[in-house]
Every structure is written in structure tokens, then in C-alpha cells.
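Have the viewer open as you read.

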Amino acid sequence: MEAGAGAEAEPLLPPRGWRAGRRLWRAGGGGRSVAEDGTGADNDLYINQAIVFIEDAIQYRSINHRVDSKSLWLYRWYYSRTCQWILSLTITVILALAFIEKPSSLTITSDVRYRPPAWNPPCGLTESIELLCFLVFIVDVSVKSYLIGWEEFWKNKWLLAYILTLVVSVTDWIVSLSFFCTEDVRIRRILRPFFLLQNSSMMKKTLKSINSTLPEMASVVLLLAVHLSLFTMFAMLLFARTKFFAKFSFFCVFLSANTGIPGHALDGQQDKEWVGYFRNLPDSLTTLLVLLTTANNPDVMIPAYSKNRAYSIFFILFTVLGNLFLMNLLTAIIYNQFRGYLLKSVQSSLFRRRLGIRAAFEVLSSLKETPANAQQSYVSVRALLQVLQKVEMDSRCKQAIMRSLKMCSCDQLSAAQFQKLFEELDKDAIKQHPPSPQYQSQFMQKIQFAFGHPYFGYLGNVVALANIVSICVVLVMDADKQPSERDDFFLGAINCFFILYYLLEMLLKILAMGLKRYLSYPSNRFDGLLTVILLVLEIATFAVYGFPHPGWRPEFMGLLSLWDMVRLVNMLIVFRFLRIIPNMKFMALVVTTLLDLVKNLRAFAGILVVVFYAFAITGIMLFKGAVVPMGNISAFNTTYDNGTLQCGTYEQLEYWPNNFDDFAAAVVTLWDVMVVNNWQVFLEAFSRYSSPWAKIYFVAWWLISSVIWVNLFVALLLENFIHKWDRRCHREPLSDIEYQRTVELMFRDVLEEPTEEELMEKLHQHPHLQLCR
């Protein structure tokens, strides 16, 4: 639960008068007698409170919520897997509506020249689904608001924004129905990503970190703007439209005299530079902004460079200062600042975990069985075991904590001992592989040793490499042949041989390692799955087309032709070659870094989805129907305003599928712009088809996606890789152990543990808990 809340104080800890001077409880609104504190109902309440606090600590949630019996039940129900799954499904559904709403993306192609009329749902269909989603969100915000309390509700900006978003969305939904779904602008579509954003605490932290990083980024962006402005003015002066440019007239005359090229031809090159790139201030700014990303290099330089070599100095100097220095400086600043703010965020998460564990300790120390004459708080082992039985947590951590408790000789745990037990939550997730089967026969032991040895895996890698080489040889030999001229016998025969070897290898490994141990390795599961698929495809090929033989070119039968089935088998074989990665130490390090990064990228990916979604919907509103096909005209002889379009334009490159006529096409177009390859084509085309102000939309998208988000991704990638690289020498080099890390664990070595005073001070500030010592 985000940010704490408070209304009336709930009785969490009893007034333990028999612990004089140690802890006093002030219940807001009605106290309890000492006799009532020792009842079984109270003990059950304390047990349930401890369960919830520990679960809050596991999930890095705030403990600032109601703690009475009914609220605790509602709280656990809200955070149950079923409710969270329903909420996640609802968010997915409402976001996915953009693909089927008008304008629908349900067409085979987005090319405006060939796209058939799309099916659009009748009015009321998607609106009914939206209404159901809104009802789920209303329940969600109502439960959250109740659990944190009314007073703190008004301090929670996220919940207030949540309610405002729902009010605006429902209002827009009503307006849409009143117009019978004919309106083009629907504000609620742009607001939909907020539902995804507010549901993830990590996304909120990431967004807060990005927001905190913006001031530092703004300084470099401002420097980039100054750099761009100065060079723009200089370029407009340097490439001004004039017959003889003073600085280079001598060179023009000299070259004309020595090469025989007319002087006016050399001047014409400068005119081309002016006409094509520096005609006015907006064009000049756009040209150099694109050059900052090197997307139009060296095209922008060629007209002037053709006239004189010296012009290249201008473009080289601009690129070196802007792209190599300032852009990379921006990456360094983003990495440094974002890492600092992300570290603070993770530090806050650690504090939440420690606070939740300490709150659980305070609750359990209030049970009746705690010794009355104790000078400090203790928790009985039996009570903690009772709590652990009901806590929803990783089985590995639960078993490790229970083992530690059973090994403990004492019956009572102090606060430090209690906290130390739950440090198991901070450790790497270690996966131990099951043991190999124990065979009694010496022959089976030798078989197990031979086929369980790493060298047998290396032999499989060599065979897989030979398979890849043979496929390459056949593809090279048949590259220029017509399908009717190909003889698939050789390729079919070698595929059959290699697939049989893969099947034999899989069975022998299962025999040597045992099925459970074999399946415990992701590489074996990947290998085995592809082997089974290859075997099924090969059997299907033989069943439909018979066994390979010279001149094996049967007629098309079944769902796929023989060539299609052979190609599918070959693609899977090539994909299977990835099995070599675990056997190459440094390659495996890179791959595991990427896999861990993918697991920890949900917050970053979520923010990218939010930005993509909002910009795609905005693009549809601005540019839907702007791109119109030019008719049956040759792409190489397309005319516009009585002039032939230059090579590299939107029409000549046939970029017709890149448009904003539906949501799916808009997402792909935004992706192409984010990659910044040829993004100047989109700038020019949409400013021509719609308005020159369209450039602002694309530049804003480039800044947010390519400059900010990509650099944030690089920052997280560097942090993850450096962490793994530094720790690789401290890990056990055993293949039986696998480590899994999260963003929190990635920074674990540099986090500071909160002090006792900080924890108790925070507990004193709990809106539903008033604890005095």
C-alpha cells in the first residue's frame, strides 16, 4: 500500500501495565482493559497483524494501513494473487482496446495503398468492456482509500490523480455514447496508461527517479540547444544563397581554371545545399538536429563538399562536438544521477522491509506468553513458527528461516535475532539442482560417467556446429537455383541424421542425469523441447512425403510444402545452436546479465509502454488520414509540385505502411522514429502532409524515447553488467548452483541498514499505531 494513511487509531499493542515503563499504548477512541488483552481473540489479532506486516516486508509495501481484524482480512484479500491477477488483467484489457477500437488495427497490412477497409466494432461493444474495467478500477481505488484512512487519503497524490482520471474517463465515456461513438477525439484513451502506472510501485519509483534526474539532464540539453542554435546560424550564413560566396570564390575560380568545370556549376552545388537543407530557420534547425543523430550523414554534407573540401570541417566539427561529446556526456550524467536516485529508492525499499519486520516483532512481543519480568522485548519461537505457517512467501526463504529456528537453542528471540532471521529475504535466490540417480551396476555407472561428463556436451556442440555448416553449404549451393531445380535429398538426409543424433543425445543425458536433474537446467529444457519439435516435424515430413531419396521433390501436399517443412526444420536447428552459450564463460556472463535485466526491466518497460501508448494515441488524433496514396505512379518518378521527388523521400522509399491511421501502425512508426534511422524522412513527410508544426511532435518523441529512455536503459544495463562482472570471481564455479538477482539485490552491497532509533521513530509516526517507550 502506498503512502500511509490515518484516521482513528486501531488498537495494535495492548497497554502492558505489567511491563512498567517499557511500553504504553494510547488507543485513539476507547481503550481496552488489561484482562481483555490476554484473550485468545487478541492473540489471534496480533498473529494476523504480524502475518500482514511480514508480507508487507517481503513485497516492500508500506505498513501504514488499518490493522483491525476486518481491515486485515480486506487487505490480504486485496493483495491476494486472484485480486491482483484480476486487476492486472483489467489493465491489460483496457490498454488492448486500442487495437480494436475505431480506427481498428484488424487488417493484414497498414500500407495505405493496399489496406482494405478495417472492421470496426459496433457502438457500445468496446464501451461496455470499458465500463466493466472502470467498475474494477472504482473498486480498486475505494479499497485503497479505505485501507489507508480518510485523512491520509487527501495527502496521497497518486490516489487523488487516480480518482480524477476515473472521473474524466467516465465523463468522456458518457459523452462518447451520447454522440453514438462518432467523435474522433477521446480524451480517456490518452489517460489509460495511468492505470498501468499507478498500479506499480517500482514504476512510480522509476518515474520519481527520472523526474529527479531531469534538472541535471536539462543543463546538458540546454548546452545542446545552444550548440545547435549557434551552428544553425553559422550554417545559414555559410550556405546562404549567393552567386559567389566571398570565402570560397578564389577556390571556385581556381578549380574552374584547372579542372575545366564551369564556375556556375560549382556555385550550383552551394545552391543545392541551400535549397535542400538550409533554406530557412526551421529547415536549418531540423537538418542539424537530424545530423546530431547522424541519420542524414553524409547526405547533408555532399552538395557543399562537392564544391570544396573545406566545407567538411563545418559538419565534422558539429558532429564531434554534438554527437561524440555532448550526447555521450548526457549519457554519463543520466547514468550517474539516475543510479544515485535509484539507489535512494532501493534504500527506501530496504527501510520498508526492515520496518515491516520490526512492526511484526513489536506485535508478537505483545502476546500473553511473553515473560512479564523481561527487561526488553522478546518473541517466542513458537509464536513465530505459527506466523510463518500462514505467511505467503517464497518456499526457499520459509524453509531457511524454519531451519534456523529449529537449530536455535533458545525459546525467545530478541529484536536483533528476529531481524537477522529475516535477512534471508535479502539473499540471492539459489537454485540447487536435484542429484543424479545412483546406479548399482558398474556398467551403468560407466555409462553415467561417460554421458554425464561435460565432454559429452562439448561433442554435442561440435555436432550442432557441423549441422549448421552443412546447412550453410547447401544453402549457398542452392541460392541461385529455382525451386523446381533443387534436390532436397541431401538436405533431408543430413537433417534426418542429425535429428536422430540429437534424440539419442537427449535420451543418454536423461539416463545419466535423471529426468528431474535434466529438466532442472534451462539449457536442457530448451535443447529437449527443440529436439522433440524437430522429431515431430521430421516424422510428419516422412508421413506426408516419404523418405528422402535422390530427386526428392514431391508435389505439394498437406498444410506445408516439403520445402517449407525443411526450412522450418533448418530454422529450428539454427536456433538450437544457441545451446553453446552456457559452455562459453564470458558469453554466458553476458547472456545471464541480459536475462536478469529482462526480469528487472518491468518498471522501465512499463514506463516505455505508457509513453508509447500516449504518443500513439496523440499521433492518431493529429495525423490520422494525413498520408494519402499518390495513385498509380512509379515510385522512381513521383512528382510533387511539378518537381521530381528526390531519392530518400517518404514516397520514393515506399514508407506507406508507416502512418498513424490505426494504433498498431502508430506504434511501429514511433518505433522506427525511436531508432532514428532515416527519421528525417518522417519529419519531412508529415510536416508536408499535415503541418510544419508536426516536427514538434516527432522531436518531442525523439527526446523522450531515444535520448532519455534509451540512456536510462543503458544506465541499468551498465549497472547490472558491472555488478555481475565484479562478483563473478566470488561465485562458486559449480554448475549445480544458479543465482537470480533483482534490482534490490543488485544494490544490496552498498545499502545502509536503518538504525534502531530510525525504525522506532517511524513506528511512533504510524497513523494507526501509537507506541510509546
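Helix 13 makes a right-handed crossing as it passes helix 28 (right-handed if the near helix is turned clockwise from the far one by less than a right angle, left-handed if anticlockwise). This is a predicted model, where local features need pLDDT of at least 70, side-chain atom pairs count only at pLDDT 80 or more, and totals for chains, interfaces and linings use all residues. Residues are numbered from 1 along each chain as its sequence is written, and side-chain values use heavy atoms, with hydrogens and water left out.

Back to the pair: the axes of helix 13 (residues 281-292) and helix 28 (residues 679-689) come within 10 Å and cross at roughly 160°. That makes the two helices roughly antiparallel (angles over 145 degrees). Helix 13 brings Thr286, Leu289 and Val290 to the contact, and helix 28 brings Trp679, Gln680 and Leu683 (contact means heavy atoms within 4.5 Å). By type, the residues of this contact are 4 nonpolar, 2 polar and no charged.

Now, how many disulfides does the structure hold? There is 1, joining Cys123 to Cys181 with an S to S distance of 2.0 Å (the cut-off is a pair of cysteine sulfur atoms within 2.5 Å). The torsion about the S-S bond of Cys123 and Cys181 is about 60°, so the disulfide is right-handed. Cys123 sits in the loop between helix 4 (81-96) and helix 5 (125-148), while Cys181 is in the loop between helix 7 (157-178) and helix 8 (187-191), 58 residues apart.

Cys123 is partly exposed at 43% relative accessible area, whereas Cys181 is buried at 11% (buried means under 20%, exposed over 50%, partly exposed in between, with a 1.4 Å probe and protein chains only).

Key. Axes are lines fitted to C-alpha atoms, for helices over the stretch in contact, and angles run from 0 to 180 degrees between N-to-C directions. Helices (H or I, at least four residues) and strands (E, at least two) are DSSP runs, numbered from the N terminus. Angles under 35 degrees count as roughly parallel, over 145 as roughly antiparallel, 65 to 115 as roughly perpendicular and the rest as oblique. Ala, Val, Leu, Ile, Met, Phe, Trp, Tyr, Cys and Pro count as nonpolar, Asp, Glu, Lys and Arg as charged, and the others, Gly among them, as polar.
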